Amino acid sequence: MERDYLKKQLKLRLIVYCALAILLYGAAAQFNTSVHGLIKRSDEPVKVLLLSSPPIFIAYNPEFKKAVVNNLPNTKKALSAQEILQKAKIEQDKVIIIDIRGQKRIEFWEKFKNNLQSWQKKPYIIFQYLYAYIKLKCEGKTDLSFGDFILISTELSTLQPSDFAVQNPLVDKIIKGRKQQEAAISITTDIKPNQTAKGPLIVEVLNASGKNGLAGEVTKFLRERNNSGILNVDVISYGNYPELLERSQILDNSSRLLDIQQTAYQLGLEDHEIFTHRDKNAISDVKIVLGKDFVLPKRYK
């Protein structure tokens with residue numbers, strides 16, 4: 001029994017030492033990588049194409065520590081990374097390719113968000129993440145160098161889901177029995193949050209939780225935050241959403257991401273990504289849709 005215990009301890013120590021050696025190597029190597037140059041200069045985004053099903057194109061702005069996530073449309077036939085970029089009219093220069101074909105986009109994104117929130121409480125996620133990268137590298141499914149992997153991982157460790165602005169592809173809508181397509185969004189290859197916007201953030205609050213009076217309570221809360229100087233917001237309307245939602249949503253119409261993120265934090269929604277929802281007829285900078293998951297902050301109760 002004692003010998004088996006010693007063997008397990010030895011194996012565990014070897015794994016830890018190997019992981020540390022790999023991390024130290026990556027930390028030293030990252031200073032000679034292309035991603036290090038982009039992050040140091042902060043003059044252009046770090047671009048990543050994830051070949052999930054359907055694919056995802058991510059552009060990360062290291063200056064503002066914000067990322068835009070372009071959910072690319074599905075295609076009838078399998079396309080190469082170069083064909084996907086060409087079809088989306090994205091410059092292929094300096095785009096990191098990660099081939100995760102076989103993974104559904106929605107499943108990958110939900111797992112990514114959960115890991116982003118919980119890795120500090122569950123450190124074993126780091127080893128799973130490292131193993132997944134090594135496996136992809138050995139199978140030739142990514143051109144991401146180990147130094148760049150360490151550097152991007154370090155950047156990710158400072159982010160929350162609300163640092164990601166999500167753009168969805170055009171979708172089919174059935175209107176009066178006829179199929180119509182919504183206008184396609186333009187692929188965003190960089191995101192620069194508007195820091196120069198003057199005046200308060202214009203907000204609409206919509207209740208999709210089924211809880212009576214919730215939108216009014218949240219409106220009161222935001223106005224109190226505004227009056228105390230914690231936020232600079234103006235809630236111009238509140239009411240009910242046309243359908244019930246399990247999860248709350250933050251719909252951006254203005255690119256005032258820093259202001260929106262501060263508001264989301266006050267509402268306890270920092271674990272929710274921001275959906276870029278361009279609407280020419282929008283009367284607000286952001287719509288906050290309260291789902292069944294929403295709970296008023298404890299300090300308000």
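Predicted model: local features only at pLDDT ≥ 70, side-chain atom pairs only at ≥ 80, totals over all residues.
Entry 1. Setting aside neighbours within four places in sequence, I found Phe-164 in contact with Ala-67, Val-69, Trp-109, Phe-112, Leu-116, Leu-156, Leu-159, Glu-273 and Ile-274.

Entry 2. I then looked up the core around this residue. The largest nonpolar core has 27 residues, and Leu-50 and Phe-164 have the most contacts inside it. At least two residues of this core come from each of β1, β2, β3, β4 (95-98), α4, α5, α6 and β5. I noted that α6 gives the most, with five residues. Another core lies apart from this one; it has 24 residues, including Val-203, Val-218, Leu-222 and Val-233. As a general note, nonpolar side chains tend to be buried together in soluble globular proteins.

Entry 3. Next I checked helix α4. How far apart should the ends of its 14 residues be? At 1.5 Å a residue, residues 105-118 should span 20 Å, and the end C-alpha atoms are 20 Å apart, which agrees. The buried residues of α4 are Arg-105, Phe-108, Trp-109, Phe-112, Lys-113, Leu-116 and Ser-118. An α-helix has 3.6 residues a turn, so residues three or four places apart point the same way. I also looked up what covers the buried residues of α4: the cover includes β1 (46-50), β2 (56-61), β3 (66-71), α5 (124-138), α6 (146-156) and β5 (164-167).

Entry 4. I traced the sheet. Ten strands form an open sheet with mixed pairing, and I read the order as β4-β1-β2-β3-β5-β11-β10-β12-β8-β9. Which strands are at the edges? They are β4 and β9 (233-240), each pairing on one side only. From one strand to the next, the twist averages 25 degrees. Val-166 stands opposite Phe-275 in β11.

Entry 5. I looked for helices on the sheet. Helix α7 (residues 214-227) packs on the sheet and touches β8 (201-207), β9 and β12 (286-290). The direction of α7 makes about 175 degrees with that of β9. Helix α8 (residues 257-266) also packs on the sheet, touching β3, β5, β8, β9, β10 (249-252), β11 and β12. The direction of α8 makes about 160 degrees with that of β10.

Entry 6. I turned to β8. Are its residues mostly covered or mostly uncovered? The strand is mostly covered, with seven of its seven residues buried. Leu-201, Val-203, Val-205 and Asn-207 are buried on one side, and Ile-202, Glu-204 and Leu-206 on the other. Seven bridges join β8 to β9, and the two run parallel. Asn-207 stands opposite Asn-240 in β9. I followed the chain from β8 through α7 to β9 and found a right-handed β-α-β crossover. β8 also pairs with β12 in the parallel sense, over five bridges. There, Val-205 stands opposite Ile-288.

Entry 7. Last, I checked Ile-96, which lies in strand β4. Its relative accessibility is 10%, and buried means under 20%, so Ile-96 counts as buried. Which distance separates the C-alpha atoms of Ile-96 and Asp-143? They are 6.4 Å apart, although the two residues are 47 residues apart along the chain.

Definitions and conventions
Residues numbered from 1 in each chain as written. Heavy atoms only, no water. Helix = DSSP H or I, 4+ residues; strand = E, 2+ residues; numbered from the N terminus. Expected span 1.5 Å × (residues − 1). Buried < 20%, exposed > 50% of the residue type's maximum accessible area, 1.4 Å probe, protein only. Contact = heavy atoms within 4.5 Å. Core = buried A, V, L, I, M, F, W, Y, C linked by side-chain atoms within 4.5 Å. Pairing = 2+ DSSP bridges. Axes fitted to C-alpha atoms, helices over the stretch in contact; angles between N-to-C directions. Right-handed = clockwise from strand over helix to strand, strands pointing away.
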